[in-house]
Amino acid sequence: MLELRDVNASIGNIPILRNLNFSIDEAQTVALIGRNGAGKTTLLRTIMGFTRASGDILFDGKSITAMHPPKRPGLGIGYAPEDRRLFSAFTVEENILLPAQAARLDKAETNRRLERAYTVLPELREMADRSGGTVSGGQGKMVALARALMLGTRLIMLDEPFQGLAPALAQRYAEALRTLRDTDRSVTLMITESNPSLLRGFADRTLVIERGEVEEGSLEPEGTNA
Ligand SMILES: Nc1ncnc2c1ncn2[C@@H]1O[C@H](COP(=O)(O)OP(=O)(O)O)[C@@H](O)[C@H]1O
Ligand SMILES: [Mg+2]
C-alpha cells in the first residue's frame, strides 16, 4: 500500500535519506528502528511531504510525490509527530477533533472516528473536557495517538511514541496499540523506535534505518536465531 522508489533526501548538502527502496503491505505492523539521528523522523516527514525528497512515493499504487502535503492526510494517513503539542486553549476532545476539522469531515464521520479513538483509548473520554494545557507529557502521547486515529483509516505513522513514557504508561500505550490492531485488522501501522525491545511481539516486520539507509531487520536480541 506504500512504496518508496529511489527516495533520497538531503538537508543542505548533507544526505539524510539514501536510496530508499521498500514497500509496505496493507495491514502490516512495521517497526522502524534506528538510533538517534538515523533518519526516522525525516523518513516519516518525507512520506507526509514536509521534507523535500527525490524519487517516488506511491500510495495504493499511485504516485503521491507531487501531492500537496496538506492533502495527504485525506488519503487516510494519520501521523503523530515526535513533538506532539496540545493547544491549551482547547479541551482534550477539541484537540483530538482538530485534524477532522482540518480535513472537513462531516459530523457523522467525525463522531464515528472519535468513538474509534475512545475505543482504543477509553481514558481520554474521561479527560475529554479538561484543558489541553493540563495533561501530562505521557497523556499527551495518548492524545497524539487519538489525533492520528482521526485521519488514519489506512496508514498510521507514530514517531517514537514510547519516548519518555514511564513504564506503566508505556505498557498502557502498547495495550492501546493492541486494541487498535484487534479492532482494525486492515489499518497499516508504522512505528519508529530507537529501542527494539519495546515493539517485540507486536510488529510483524522490522525495518532498520542506519545513517539514512533502510534494511530489513529483526527485533530479536542479537545472537538469537528466533
Ligand atoms: N532541520 C534540520 N536541519 C539540519 N539537520 C537536520 C534537520 N533535521 C534533521 N537533521 C539531521 O538529519 C539526520 C536525521 O535526523 P532525524 O530524521 O531527526 O533522525 P531520528 O528521527 O532517527 O533521530 C540527523 O543527522 C539530523 O541531525
Ligand atoms: Mg526522530
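This is a predicted model: local features need pLDDT of at least 70, side-chain atom pairs count only at pLDDT 80 or more; totals for chains, interfaces and linings use all residues.
Val 208 stands opposite Glu 215 in S10.

Strand S9, residues 205-210, and strand S10, residues 213-217, run antiparallel and are joined by five bridges. Two residues lie between the strands of this hairpin. One residue to look at here is Arg 211, found in the loop between S9 and S10. Arg 211 is not a glycine, yet its phi is positive, at about 45°. Most residues other than glycine have a negative phi. As for accessibility, Arg 211 has a relative accessible area of 68%, so it counts as exposed.

The place of Asn 19 is in strand S2, and with a relative accessible area of 53% Asn 19 is exposed.

That brings me to the sheet containing S2. Four strands form an open sheet in the order S2-S1-S4-S5, and the pairing is antiparallel. Strand S2, residues 14-24, and strand S5, residues 62-63, are the edge strands, each pairing on one side only. At the S5 end, strand S4, residues 54-59, pairs with S5 in the antiparallel sense over two bridges. Leu 58 has Ser 63 in S5 as its bridge partner.

Leu 58 is found in strand S4. Its relative accessibility is 7%; buried means under 20%, so Leu 58 counts as buried. What does Leu 58 touch, leaving aside its neighbours within four places in sequence? The contacts are Met 1, Leu 2, Glu 3, Arg 5, Ser 63 and Ile 64. From Leu 58 to Ile 47 the C-alpha to C-alpha separation is 9.4 Å, and the two are eleven residues apart in sequence.

Next, helix H1. H1 lies across strand S1 (2-11), S2 and S4, and runs at about 65° to S2. The magnesium ion, ligand 2, is coordinated by Thr 41 through OG1 and by Glu 82 through OE, at 2.0 to 2.8 Å. The pair links distant parts of the chain: Thr 41 is in helix H1 (residues 40-48), while Glu 82 is in the loop between strand S6 (77-80) and helix H2 (92-102), and the two are 41 residues apart.

Helix H5 covers residues 137-151, which is 15 residues. At 1.5 Å a residue H5 should span 21 Å, and its end C-alpha atoms are 22 Å apart, which agrees. Of its 15 residues, 13 are buried, so H5 is largely enclosed by the rest of the structure.

Arg 113 is found in helix H3, residues 107-120. Which residues does Arg 113 touch, not counting those up to four places away in sequence? They are Leu 105, Met 150, Leu 151 and Thr 153. With Met 150 there is a polar approach as well: a polar atom of the Arg 113 side chain lies 2.9 Å from the backbone oxygen of Met 150. Arg 113 has a relative accessibility of 13%, so it counts as buried. Leu 58, at 7%, counts as buried too.

That is where I stop.

Note on methods:
Residues are numbered from 1 along each chain as its sequence is written. Chains are lettered from A and ligands numbered from 1 in the order in which they are written. Side-chain values use heavy atoms; hydrogens and water are left out. Donors are N, O and S atoms within 2.8 Å of the metal (3.2 Å for Na, K and Ca); water is not among the atoms, so sites may look incomplete. The expected span of a helix is 1.5 Å times one less than its number of residues. Buried means under 20% relative accessible area, exposed over 50%, partly exposed in between (1.4 Å probe, protein chains only). Two strands pair if DSSP finds at least two bridges between them. Contact means heavy atoms within 4.5 Å. Axes are lines fitted to C-alpha atoms, for helices over the stretch in contact, and angles run from 0 to 180 degrees between N-to-C directions. A polar contact is a pair of N or O atoms within 3.5 Å; within protein, one must be able to donate a hydrogen and the other to accept it, and residues adjacent in sequence count only if both atoms are side-chain atoms.
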